[in-house]
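This report describes selected features of the structure shown below.

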Amino acid sequence: MQVAVRVSYRLRNKMKSYHDIVGDGGSGILEQVAEHRTRIADGLAGVRHLVAVGSGKGGVGKSTLTLHLAGALRARGLRIAILDADFNGPSQARMAGVQGALFVPGSHKVSLPRTSNGIGVFSMGSVIPESQALEFESAAQGESQTWRATREFALLGEILGSFEWGALDLLMFDLPPGAERTVQYADFLGPCTSFLLVTIPSEVARGVVARSVAALSKGPNRILGYVENMSGYYCRDCNAIKPLFMSSETPRLGIPCLGTVPFDPELARFCDGGISFAELGDTTIRRALDDVAQQLLESLI
Ligand SMILES: Nc1ncnc2c1ncn2[C@@H]1O[C@H](COP(=O)(O)OP(=O)(O)OP(=O)(O)O)[C@@H](O)[C@H]1O
Ligand SMILES: [Mg+2]
């Protein structure tokens with residue numbers, strides 16, 4: 001009884017209803033949001049192109065292509081950085097060889113770790129060991145889903161606003177899987193971010209990517225085109241590309257194809273070992289990645 005009285009006293013005297021709240025309720029939230037947006041815009045002011053590498057489908061090679069297309073462009077002298085936006089499944093730290101890299105203060109903000117070939121990389125994998133998951137703890141029971149999504153984008157905003165992106169030709173976002181999440185990222189990153197989609201020659205993958213195309217097409221973001229990854233298996237013994245998937249269908253994604261990249265076990269080894277594009281040598285896989293990088297550049301003009 002005493003407890004009930006105390007609770008109702010607290011409710012009567014402390015809690016406000018919507019009608020009691022004037023403006024932003026004194027939180028200054030509108031100013032905070034505006035300030036935050038200005039900080040992000042200032043931080044990205046020196047970046048010429050923003051490209052998000054997505055798919056909708058998981059495991060099709062988004063992270064691999066992000067890193068190695070960045071490598072191919074870097075080899076042409078472009079200034080490139082990667083933001084690994086897959087906070088819960090970060091791959092770039094390992095692939096780019098920046099696991100355990102320290103975030104050190106720069107002249108104004110936090111300096112970006114760099115790969116051996118000079119690509120700036122932010123990846124959660126640099127700070128969180130692979131044995132641990134990133135957890136966004138919910139303030140309220142049963143609301144962790146909403147909380148997680150909110151926190152994820154708040155974190156992305158923090159990263160964009162806190163690191164020194166500097167003068168770049170291209171900032172690439174390595175997106176997590178999920179067609180709906182791809183659109184959420186498009187909403188958050190804004191209309192200046194263009195999309196490069198990745199698929200593989202399976203109808204299942206193409207179906208998911210087609211959903212992402214349909215969803216993205218409703219918004220203002222440009223879709224530069226798609227890359228078909230794992231389009232055949234590169235056999236080093238016979239120096240030939242053999243079929244990997246049995247699908248004979250030509251893709252019907254309705255967007256430009258920027259090229260195809262075969263599955264090469266050597267490339268997978270490079271990814272696992274954090275070996276850079278520069279060390280690929282004059283190989284079939286390097287030429288395939290180079291061709292896609294060229295198409296990507298032309299699509300940005
Ligand atoms: N063309 C390729 N040749 C060899 N290995 C590849 C190729 N493309 C991707 N891989 C390998 O396949 C695995 C999955 O690739 P990756 O992590 O890039 O996919 P993803 O789409 O980013 O996955 P996720 O949806 O989990 O983010 C990795 O081990 C990568 O090294
Ligand atoms: Mg990935």
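## Pairing of strand β2

Strands β2 and β4 (residues 168–174) pair in the parallel sense over 5 bridges, where pairing requires that DSSP finds at least two bridges between two strands. Opposite Ile 82 stands Met 172 of β4. Strand β3 (residues 120–122) also pairs with β2 in the parallel sense, over 3 bridges, and in β3 Gly 120 is the bridge partner of Ala 81. Strands (E, at least two residues) and helices (H or I, at least four) are DSSP runs, numbered from the N terminus.

The model is predicted: local features need pLDDT of at least 70, side-chain atom pairs count only at pLDDT 80 or more, and totals for chains, interfaces and linings use all residues. Residues are numbered from 1 along each chain as its sequence is written, while chains are lettered from A and ligands numbered from 1 in the order in which they are written.

## Burial of strand β2

Strand β2 (residues 80–84) is largely enclosed by the rest of the structure, because 5 of its 5 residues are buried. A residue is buried if 20 or more other C-beta atoms, placed from the backbone, lie within 10 Å of its own, exposed if 12 or fewer, and partly exposed in between. In a regular strand, side chains alternate between the two faces of the sheet. Ile 80, Ile 82 and Asp 84 are buried on one side of β2, and Ala 81 and Leu 83 on the other.

## Positive phi angles

Met 230, although not a glycine, has a positive phi of about 55 degrees. Met 230 belongs to strand β6 and counts as buried, with 23 C-beta neighbours inside 10 Å.

Asn 239, also not a glycine, has a positive phi of about 50 degrees. Asn 239 lies in the loop between β6 and β7 (240–242) and is exposed, with 9 other C-beta atoms within 10 Å.
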